Amino acid sequence: MPKLKRIGVLTGGGDAPGLNAVIRAVVKSGVNHGIEVIGLEDSFDGLIEPNRSRVLTAKDVTGILRRGGTILGTVNRGDPFAYPIDTSDGKQDYSERVVDMFHRMGLDALVVIGGDGTLAIANKFAKMGIPLVGVPKTIDNDIVGTTNTFGFDTAVSFATDAIDRLHTTAEAHRRVMVVEVMGRYAGWIALYAGVGGGADSILIPEIPYDITKVAQQIRDRDAWGAYFSIIVVAEGAKPRGGRTSLIQHAGVGRAERLGGAGHSIAAALEELTGKESRTVVLGHLQRGGSPTSFDRVLATRFGGKAVELLLNGEFNRMVAFAPPDISSVPIDDVVGKQRLVPTDFDLVQTARSIGVSFGD
Ligand code: F6P
């Protein structure tokens, strides 16, 4: 195995708190092993256009551990295999160009930090001969092969705090408060923030809901003297026999945009219960701000492990959290799948046993 001299690092897809912490760990650990680390800007665009990359030294990453976002920038529609990107020489499929640029830049390997979409792109490049390691990122926590992605804990902490705040105003006005959180296909954020914040109903994509059951629970609470209710809804929650609420269909190299679930649930509950209902959509607030200490530590462990795998010549793997250890899995085993909340998961059972409704 020839010695690694120069590696590239990039961040792709929607941002998540902890991206900078991973970059910092990759740079610090790489530099300490005598490797030069090149930061590639805006996901794979950094391997398409010249001058979209820069050397990252330890000084460049000092102070970024606690910063949200990514110092490298990110895009969530930059698939060089699918999306024609404007460049100086016209539009084309840029995958060959990425491979060419990788070699011309003298890179020996890549660290690709991203969610399912970015890891799927990485997997294709791995098959075209680019040695790389993936780092799983998404606040939704829905990547298979790892118990946690970084960013999830920060999103849950923020959403829990928001639910706490909504409790007092809901109680004061005897209202129904519907809190919509992120989670396209998986209800991890809704489940953890819902339980952590003491929600009365938690509606997740994995358990299609019957709105009359949610309304009944609100009436039941009224009957025993709790005149307010908190309903936590994942953006991807859908009624039984119905569909997820979309605000934009998928396009070339672009995923569909979800939205509206919280508002339609609040309107239906107001109609069914006669109680004033309000909706709060937490949206991108969940992706912003400083990562929690858990996410900083996880991101640092992921970054360190990514460099370790590269040094050992263990390519085309994704670092993973298998508590209490950091391990790795083949990227091929991960892409194109989603880690959903199992309906018999113990936290779902526990929530049910303390009276939380899943609307089923
Ligand atoms: O995948 C993470 C996520 O936060 C989803 O829950 C959400 O639907 C999506 O990103 C929104 O991304 P954007 O608005 O950046 O396209």
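Domain bounds, as used in these legends, come from an automatic or database domain assignment, and the structure shown is a predicted model.

**View 1. The two domains of the protein chain.** The domain assignment divides the protein chain into domain 1, which covers 6-149 + 291-333, and domain 2, which covers 153-286. Taken over C-alpha atoms, the centres of domain 1 and domain 2 are separated by 33 Å. Where the domains meet, 14 residues of domain 1 are in contact with 14 residues of domain 2.

**View 2. The shell around the ligand.** The ligand sits in the largest pocket, and the residues that surround the ligand are N76, T138, I139, D140, M182, G183, R184, E235, H284 and R287.

View 3. A polar side-chain atom of E235 lies 2.6 Å from an oxygen atom of the ligand, and a polar side-chain atom of R287 lies 2.9 Å from an oxygen atom of the ligand. For G183, by contrast, the atom concerned is a backbone N or O atom, which lies 3.4 Å from an oxygen atom of the ligand. Taken alone, the ligand would expose 400 Å², and the protein buries 75% of that area.

Terms used
Residues are numbered from 1 along each chain as its sequence is written. This is a predicted model: local features need pLDDT of at least 70, side-chain atom pairs count only at pLDDT 80 or more; totals for chains, interfaces and linings use all residues. Side-chain values use heavy atoms; hydrogens and water are left out. A residue is near a molecule or strand if one of its heavy atoms lies within 4 Å of it. A polar contact is a pair of N or O atoms within 3.5 Å; within protein, one must be able to donate a hydrogen and the other to accept it, and residues adjacent in sequence count only if both atoms are side-chain atoms. Accessible areas come from the Shrake-Rupley method with a 1.4 Å probe; for residues, only the protein chains shown count as cover. On a 1 Å grid over the protein atoms alone, a cavity is a set of points where a 1.4 Å probe fits but cannot get out, and a pocket is an open set with protein on both sides within 12 Å along at least five of seven lines; lining residues have an atom within 4 Å of a point. A molecule sits in a cavity or pocket if more than half of its atoms lie within 2 Å of its grid points. Contact means heavy atoms within 4.5 Å.
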